[in-house]
Amino acid sequence: MAFKEITKHLVSGNYNPSDGSLYSRFTWIWLTMLQLCVSLTLASRGWLMMKWDSHIRSLLWHEEAVSPLLEKYTNLTWEEYALESDPFVTGGIEWFGIILMLGAVLTLLMRIPYFRVFKWFLIPLWAILAIDSYSNYFDVSYQSGMLVEYVLQAGIPLLFLWVLVFPKMLKKWGWMASLLASGCFIGHGMYAVGFHPVPWSFQVMTMEILGVSEESSKSFLYVIGILDFVAGLAILVPCLRRPGLYYMIAWGAATALARIVAHYDPSLNYKGMDPWIAECLVRTSHWLVPVLLLMLLPLWSQNGRLTLSLLEISSQTRRVLSNARILKK
């Protein structure tokens, strides 16, 4: 019943505030979805770093950036560092990946009372994601689109930490999540419209899935880039928020699944799905965070303030159920 009502809300936007059982399930579902989103992001990024490397390597092997540090803090020359650093860089990146995957498991435990202290582990996990995201930005010669596209993936641990620490401040959570989702789609749009060079991977996936020519794929991506800009701005405007979120859910899920569809190959080991399943899962936040924002919309009053927090909903639900038991007796 709860799933049916929530699905109905996602389309029509109506809830019955007197339905205590629905709110109880809504609270559990909402928090679990956010928790799962964080865990999948950490696990998949951790796998990609451990198994498939990271752009952090480019950051650590950039002569102009690293040489001054070597001269200042060590006795190594750049040539010595370049020859000797590979095992340490490789091992460090692999350990970053392992830490992220362990963090994914811990994330699933953080709502259990005995494990709540582990919520602070989300900060170093965020730091690893932030370093990895910055290294992508660095590796493409500081293209601003790359920086803003990764803010949602990197910021998802902090969104979960915010709910755990400040459960009554969902209005600010909503605005932070909206800004991160907006940045993600605007960054993607900057590549799709050609503000930065259109990635060949975008074109290949479009051609493989839609069966179109290279020129047609560029035209398609240009239209999608414009829609990305529109959606990224729309979710920041109250009257346009719902259609903007609909687009983000649909296109965010489509672009994540495109990694699997475009690279499926029965002739390869694991059907060619490693690393593409991880590349799909690491983009879970691109569509699931908009779903979470959409679920929160009816909790806003007309002036934009949240009328209830998740804790207040849970408290009201407990009172309703308690009164119901008393009446039955």
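I began with Trp120, which counts as partly exposed at 45% relative accessibility. I took buried as under 20% relative accessible area, exposed as over 50%, and partly exposed as in between (1.4 Å probe, protein chains only). The model is predicted: local features need pLDDT of at least 70 and side-chain atom pairs pLDDT 80 or more, while totals for chains, interfaces and linings use all residues. Residues are numbered from 1 along each chain as its sequence is written, and side-chain values use heavy atoms, with hydrogens and water left out.

**Entry: surface patches**

I placed Trp120 in the loop between helix H6 (86-107) and helix H7 (122-139); helices are DSSP runs (H or I, at least four residues) numbered from the N terminus. I then listed the nonpolar surface patch, whose members include Tyr114, Phe118, Trp120 and Trp126, and noted about 880 Å² of accessible area for the patch together. Accessible areas come from the Shrake-Rupley method with a 1.4 Å probe. Patch residues have over 30% relative accessible area and no salt bridge; like charges are joined within 9 Å, nonpolar side chains within 5 Å.

I also recorded a negative patch formed by Glu63, Glu64, Glu79, Glu80 and Glu84. Helix H4 (63-73) and helix H5 (78-84) each give two or more residues to the negative patch, and H5 supplies the largest share, three residues. Asp and Glu count as negative, and the place of a charge is CG of Asp or CD of Glu. Glu63, in helix H4, is partly exposed at 41% relative accessible area.

**Entry: salt bridges**

I noted six salt bridges in the structure, each being a side-chain nitrogen of Lys or Arg within 4 Å of a carboxyl oxygen of Asp or Glu. In one of them, Asp274 pairs with Lys51, the closest N and O atoms being 2.8 Å apart. This pair links distant parts of the chain, 223 residues apart: Asp274 is in the loop between helix H13 (241-263) and helix H14 (276-281), and Lys51 is in helix H2. Asp274 is partly exposed at 23%, as is Lys51 at 43%.

I found Glu214 and Lys218 bridged at 3.8 Å between the closest N and O atoms; both lie in helix H12 (residues 214-234), four residues apart, about one turn of the helix. For Arg283 and Glu279 the closest N and O atoms are 2.8 Å apart, and both residues are buried. Salt bridges that share partners join Asp53, Arg57 and Asp86 into one network.

**Entry: two buried residues**

I located Ser44 in helix H2 (residues 20-52), buried at 5% relative accessible area. A polar atom of the Ser44 side chain lies 2.6 Å from the backbone oxygen of Leu40. Ile56, in helix H3 (residues 56-60), is buried with a relative accessible area of 5%.

Methods. A polar contact is a pair of N or O atoms within 3.5 Å; within protein, one must be able to donate a hydrogen and the other to accept it, and residues adjacent in sequence count only if both atoms are side-chain atoms.
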